[in-house]
Structure formats: C-alpha cells, structure tokens
Amino acid sequence: MNITILGLTIPFLGTMLGSAMVFFMKRQMNDSVQRALLGFAAGVMIAAGVWSLLIPAMDMSDSLGRLAFLPAITGFALGVAFLFLLDKITPHLHAMAESPEGPKAGINKISRTMMLVFAVTLHNIPEGMAVGVVFASFLAGGNQISFADALALSIGIAIQNFPEGAIISMPLRTEGNGKFKSFVFGTLSGAVEPVAAIITILLTSMILPFLPYLLAFAAGAMVYVVIEELIPEATRDEKTDICTLGFALGFALMMVLDVALG
C-alpha cells in the first residue's frame, strides 16, 4: 500500500517541482525551453495513452474476441467528448498564460489568478482519475497491468505536470504576485490529482466492471489535452523543430518505461 501511495503522489510532485521554477527563473520562462518541455510532455502522454491505457483496456476485453476494441473506442470517445465540453466552459490554458491581462479585459488580478488555477485544476481531474484507474486495476489483480505499468504512467503524468506547473506559476509572477504565492497557486492546481486518484481507488469495487471503459476514457482525455493544449502552445509561430525533438524524446522515454519495465 505504501508504494501505491507513493505512485499516486508522483504526479503532484511533478506539478510542485514545476511550480518551484518560479524561484529560480526570471519573470518569463525561456521560449525554447518551454517549447521543448511541452513537446516532451506531449510525447510522454501519447505513449502513456497507448501502452498504459488503450492496450490494457483491449486486453481486459479479450473475451469479446474481434469486438475487444468496443470498450476501448467507447471510453476513448467519451474521454474526448468530456474534455471538449470542459474546454467550452473553462478558459484555455495557453490563452490565459500568454497575457497578464487575462482572457477578458477588465478582470481584476484576483479573478484572473483564480480562473487560471480553476481551469488547470479541472483539467487535472481526468489525469488523477487515470492514475487511480490504473492503480485500481493493479490492486485488483490480473495480468493486464503490473505495478511497473502503473508507475510508468504516474511518472509520465508527473513529467507532463512539470512544465504545466511552471507555465502556471510564471504568468502569476508576471502579474505581480510574489514568488511564494505564485508557487502555492501553481502547486495547488495539481493537488486535485491524488485526491481524484484516491477516490477512484476507493470506488474500485464499483468501477471494476467498467475498468476497460475508464482506462480508455482517461486515454481520450489525455490525448485531447495534448492536441488541444500542449501541441498548439509548443508549435505557435510555426516554430516546430524543438517541439518535434522533445516529442520524440518523450515518446521514446515513455515507451521504454512502460514496455521494458512492465
């Protein structure tokens, strides 16, 4: 159980470490570093979605024979739809991070800060659920998901959370907030992940029959975030080279973590 708790907290530590960059950097992150980190995070998340979520979801449904893909495609579509609707009711992360003026003129500093943290927090819920679902599957037994598989996904999400934490805390610092306050708000945005993961595990007995759908749901949610948030931010102004290299490195690293260690 102790190693499970450790696995659940790793993504939160990624957000915390990313937010802590506000103590060491100037008011703005180097553009090339930011693009490389976002590309790296995108590669990690795509690989995690395939090897840690979609493939195990189909393996769990092998009793369906040639229709084993149905739970995976259904959950994947629902995950994409969920994030699509979420994006319609919350600000886009990159749109809010680009300008200290926030998405709408006239919004005061406190409102802008809270909107940013709120938007990121909502986006982190599916990631916390993904970690919880994978660890719930591991704790339930079976051969589809090992502890190494679950740990690899947890590390992958932590890697993705690192630049996200920095991208949150740095704009908050740019707005005139103190370094410590910016760090706290950036860190709090990731606190929802272990909470969502723990709740998911506590509901294991209820969700066990739906695990293939939930794994695929998490994959769909993460792929949506990559395409909608990470890639556009990393490739803006047609500067794609460093993002592409970062993506390839992240994908390869996650593939090694998930396949070789699993």
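I started at Ile 55, which lies in helix H2. Helices here are DSSP runs of H or I of at least four residues, numbered from the N terminus. The model is predicted, so I note that local features need pLDDT of at least 70 and side-chain atom pairs pLDDT 80 or more, while totals for chains, interfaces and linings use all residues. Residues are numbered from 1 along each chain as its sequence is written, and side-chain values use heavy atoms, with hydrogens and water left out.

I looked up the cover of Ile 55 and found a relative accessible area of 31%, which is partly exposed (buried is under 20%, exposed over 50%, partly exposed in between, with a 1.4 Å probe and protein chains only).

Next I listed the surface patch. Ile 55 belongs to a nonpolar patch with Val 50, Met 58, Leu 64, Leu 67, Phe 69, Leu 70 and Ile 73, together about 620 Å² of accessible area. Patch residues have over 30% relative accessible area and no salt bridge, and nonpolar side chains are joined within 5 Å (a salt bridge is a Lys or Arg side-chain nitrogen within 4 Å of an Asp or Glu carboxyl oxygen). H2 (31-60) and H3 (69-89) each supply at least two of its residues.

I then turned to the interior.

Last, I checked H10. Of its 24 residues, 18 are buried. I noted a kink of about 35° centred on Val 226 (the angle between axes fitted to the seven residues ending there and the seven starting there).

Key
Patch = residues over 30% accessible without salt bridge, like charges linked within 9 Å, V, L, I, M, F, W, Y side chains within 5 Å. Areas by Shrake-Rupley, 256 points an atom, 1.4 Å probe, with all protein chains shown as cover.
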